Amino acid sequence: MSNRDVRSGAELRKRADKVQRVKSSLFACPKCGKKKVKRGGNSIWECKSCGARIAGGTYSLSTPSGEVATRLVEEYKKR
Ligand SMILES: [Zn+2]
């Protein structure tokens, strides 16, 4: 194994750790403001408090802008 392989392996582990943490943590809801948003599925986040569904990133709620998130939620509701 070369030095580069070792380094990329460590990077992957670090990234996997981060993903695990993000997956199990709660995020603040943009609708009610409570920190009750949990990942409900691929790119869908659900607020356990008000029931709002937010389309965000697969592993994090952060989106380029709130407007985009709102639009995605509207599209999600239509399905
Ligand atoms: Zn909420």
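Trainee: How many helices and strands are there in the protein chain?

Mentor: This is a predicted model, so read every value as computed from it. The protein chain has two helices and three strands. Walking from the N terminus, the elements run α-β-β-β-α.

Trainee: What share of the 79 residues in the protein chain is buried?

Mentor: Buried residues make up 16% of the 79. As for surface, the accessible area of the protein chain is about 6,100 Å², and 50% of that belongs to carbon and sulfur atoms.

Trainee: And contacts along the chain? What percentage comes from residues 24 or more positions apart?

Mentor: Take the contacts with a separation of 6 or more: residues 24 or more positions apart account for 13% of them.

Trainee: Let's go to the metal. Which residues coordinate the zinc ion?

Mentor: With a metal site, start with the donor atoms, then look at the angles, then at the spacing in sequence. Here the donors are the SG atoms of Cys-29, Cys-32, Cys-47 and Cys-50, at 2.3 to 2.4 Å. Along the chain they follow the spacing C-x2-C-x14-C-x2-C.

Trainee: What geometry does the site of the zinc ion have, given its four donor atoms?

Mentor: The site is tetrahedral, with angles of 105 to 117 degrees among the four donor atoms.

Trainee: Is Cys-29 buried or exposed?

Mentor: Cys-29 has a relative accessible area of 4%, so it is buried. Cys-32, another of the zinc donors, is partly exposed because its relative accessibility is 32%.

Trainee: Where is Trp-45 found?

Mentor: Trp-45 sits in strand S2. With a relative accessible area of 0%, Trp-45 is buried.

Trainee: Now a loop residue. Where is the place of Ser-49?

Mentor: Look between strand S2 (44-47) and strand S3 (53-55); Ser-49 is in that loop. Its relative accessible area is 34%, so Ser-49 is partly exposed.

Trainee: Which residues is Ser-49 in contact with, leaving aside its neighbours within four places in sequence?

Mentor: Beyond those neighbours, Ser-49 is in contact with Cys-32, Lys-34 and Lys-36. For Lys-34 there is also a side-chain link to Ser-49, a polar contact of 3.4 Å. Gly-33 is worth a look as well: Ser-49 and Gly-33 lie 16 residues apart in sequence, with 9.5 Å from C-alpha to C-alpha.

Trainee: On to charges. How many salt bridges does the count come to?

Mentor: The general idea is that side chains of opposite charge can pair when their charged atoms come close. In this model the count comes to two salt bridges.

Trainee: Which residue forms a salt bridge with Glu-11?

Mentor: That partner is Lys-14, and the closest N and O atoms are 3.3 Å apart. Both residues are in helix H1 (residues 3-24), three residues apart, which means about one helical turn separates them. Lys-14 is exposed, at a relative accessible area of 54%, while Glu-11 is partly exposed at 37%.

Trainee: And which residue forms a salt bridge with Arg-53?

Mentor: Arg-53 pairs with Glu-46, with 3.5 Å between the closest N and O atoms. Arg-53 is partly exposed, with a relative accessible area of 37%. Glu-46 also counts as partly exposed, at 22% relative accessibility.

Trainee: Why does Glu-46 count as partly exposed at 22% relative accessibility?

Mentor: Buried means under 20% relative accessible area and exposed means over 50%, so Glu-46 at 22% falls in between.

Notes:
Residues numbered from 1 in each chain as written. Predicted model: local features only at pLDDT ≥ 70, side-chain atom pairs only at ≥ 80, totals over all residues. Heavy atoms only, no water. Donors = N, O, S within 2.8 Å, 3.2 Å for Na, K, Ca; no water. Tetrahedral: all angles 85-135°; square planar, octahedral: opposite > 155°, others 65-115°. Buried < 20%, exposed > 50% of the residue type's maximum accessible area, 1.4 Å probe, protein only. Helix = DSSP H or I, 4+ residues; strand = E, 2+ residues; numbered from the N terminus. Contact = heavy atoms within 4.5 Å. Polar contact = N/O pair within 3.5 Å; in protein donor to acceptor, adjacent residues only side chain to side chain. Areas by Shrake-Rupley, 256 points an atom, 1.4 Å probe, with all protein chains shown as cover. Salt bridge = Lys/Arg side-chain N within 4 Å of Asp/Glu carboxyl O.
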